[in-house]
Number of protein chains: 2
Amino acid sequence: MCVDTSLKGTLHRRGLRMTPQRQLVLDAVRDLGHATPEQVCTQVQAVAPAVNITTVYRTLDLLEQLGVVQHAHLGHGAPTYSEHEHRHVHLVCHSCGKVDEAPTELLSAVSERTLTERGFRLDATHVALSGTCADCAARREADSDDPDADDGAGTTETPEGGP
Amino acid sequence: MCVDTSLKGTLHRRGLRMTPQRQLVLDAVRDLGHATPEQVCTQVQAVAPAVNITTVYRTLDLLEQLGVVQHAHLGHGAPTYSEHEHRHVHLVCHSCGKVDEAPTELLSAVSERTLTERGFRLDATHVALSGTCADCAARREADSDDPDADDGAGTTETPEGGP
DNA sequence: CTCCTTGCAAATGATTTGCAAAAAC
DNA sequence: GTTTTTGCAAATCATTTGCAAGGAG
């Protein structure tokens with residue numbers, strides 16, 4: 001093997017240092033699949049309570065620069081981190097917040113089209129597709145035909161029609 | 001039958017009141033196409049400097065509940081608001097931050113597929129597709145063609161504007 | 001006149017930064 | 001021993017909230 005894929009090797013090649021915190025953060029990201037910095041921190045602190053959230057933020061940043069992890073924006077505020085190898089498209093339900101994953105090839109046709117028509121190179125892994133998951137769609141349909149009651153602030157009525 | 005589409009009418013139907021601030025915020029959203037609360041605020045304050053950003057946030061929230069505007073998450077932190085009628089898919093360059101728009105039908109095939117395969121109802125208007133725009137792709141290619149290994153750690157380049 | 005809205009200031013929540021102590025090499 | 005990393009606390013940024021004054025119906 002010419003290329004050392006271990007975290008230690010990747011760090012050393014850049015003159016950076018291996019620390020338990022860095023390994024823990026990477027483990028947490030791998031473990032959680034896709035997680036916010038806070039979730040990663042919680043996971044890390046389950047093993048090493050002394051680890052500060054600041055370190056988690058810094059380490060996630062570093063690991064991303066190293067190409068070991070990547071982040072995606074799921075719609076609301078929090079970015080989520082996952083392994084760089086673990087490429088997928090996120091499907092986020094904006095009703096219940098559930099995050100599902102789909103293969104990146106789901107968007108390959110779209111990707112081709114944006115490239116051809118606009119020269120826009122779509123990055124499927126950073127994409128979060130918003131919508132309503134099956135469960136929530138069923139719940140809504142059963143409840144009433146309310147096409148877009150976002151957070152149900154008390155108003156049951158939405159007079160908007162089609163264009 | 002005759003649905004009053006004016007802001008005043010929409011408000012009155014709910015027992016809410018028409019104010020100059022509300023009209024200004026709506027005008028700004030329409031004017032800007034897709035804008036963050038801060039950008040909306042700046043636009044509004046160009047006409048009425050006394051309007052507070054708090055009011056802008058509250059008004060955008062209200063207008064969204066009324067179905068008059070909607071927000072989309074473009075990837076980084078700031079949500080952007082646009083008219084509900086003005087439905088489009090956002091194409092965000094995560095290198096230069098430029099926002100382009102595409103017709104929603106760009107995702108119709110994907111939408112159908114997620115619905116059939118998973119019961120997931122895609123909301124194309126809340127979607128922001130991330131990628132690299134034509135200009136930035138050209139710039140990168142000229143620099144060096146390294147599509148997968150997103151190094152950039154030691155280089156002078158900062159791919160994301162950063163908060 | 002009554003209740004909705006606004007503006008201000010302070011609270012909140014997430015992320016960042018400066019710096020001295022601790023750890024890695 | 002030298003340089004990188006960490007932990008803490010304070011700073012920052014965007015957004016929200018409480019409350020009294022102001023404005024719409």
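**View 1. Salt bridges between chain A and chain B in the predicted model.** Four salt bridges are counted between the two chains, A and B. One salt bridge pairs Arg118(A) with Asp100(B), and the closest N and O atoms of this pair are 2.8 Å apart. Residue pairs in polar contact between chain A and chain B, both residues at pLDDT 80 or more, number 12.

**View 2. Elements and residue classes on the side of chain A that touches chain B.** Two or more residues each come from helix 4 (53-65), strand 1, strand 3 (89-93), strand 4 (99-102), helix 5 (108-118), strand 5 (121-122), strand 6 (128-132) and helix 6 (134-143) of chain A. Strand 6 of chain A provides the largest share, five residues. By class, this side of chain A holds 19 nonpolar, 16 polar and 15 charged residues.

**View 3. Extent of the contact between chain A and chain B.** Chain A contributes 50 residues to the contact and chain B contributes 46. The two chains, A and B, bury about 3,800 Å² between them, with 53% of that area from carbon and sulfur atoms. Of the area that chain A buries against chain B, 16% is supplied by Arg118(A), Phe120(A) and Arg121(A), more than by any other three residues.

**View 4. Strand pairing across the two chains.** Strand 6 of chain A and strand 5 (residues 121-122) of chain B run antiparallel and are joined by two bridges. Within this pairing, Thr132(A) stands opposite Arg121(B), a residue of strand 5 of chain B.

**View 5. The two domains of chain A.** Domain 1 spans 1-84 and domain 2 spans 87-145 of chain A. Their C-alpha centres lie 25 Å apart. In the contact between these domains of chain A, 10 residues of domain 1 meet nine residues of domain 2. About 840 Å² is buried between domain 1 and domain 2 of chain A, 54% of it on carbon and sulfur atoms. On the domain 1 side, the residues that lose the most area to domain 2 are His34(A), Gln70(A) and Leu74(A), which together account for 51% of what that side buries.

View 6. Strand 1 (69-73) and strand 2 (79-83) of chain A each supply at least two residues of the domain 1 side that touches domain 2. Strand 1 of chain A gives the most to this side, with four residues. The domain 1 side has two nonpolar, eight polar and no charged residues.

Notes: Residues are numbered from 1 along each chain as its sequence is written. Chains are lettered from A and ligands numbered from 1 in the order in which they are written. This is a predicted model: local features need pLDDT of at least 70, side-chain atom pairs count only at pLDDT 80 or more; totals for chains, interfaces and linings use all residues. Side-chain values use heavy atoms; hydrogens and water are left out. Domain bounds come from an automatic or database domain assignment. Contact means heavy atoms within 4.5 Å. Buried area is the accessible area (1.4 Å probe) that two parts lose on being put together, summed over both. Ala, Val, Leu, Ile, Met, Phe, Trp, Tyr, Cys and Pro count as nonpolar, Asp, Glu, Lys and Arg as charged, and the others, Gly among them, as polar. A salt bridge is a side-chain nitrogen of Lys or Arg within 4 Å of a carboxyl oxygen of Asp or Glu. A polar contact is a pair of N or O atoms within 3.5 Å; within protein, one must be able to donate a hydrogen and the other to accept it, and residues adjacent in sequence count only if both atoms are side-chain atoms. Two strands pair if DSSP finds at least two bridges between them.
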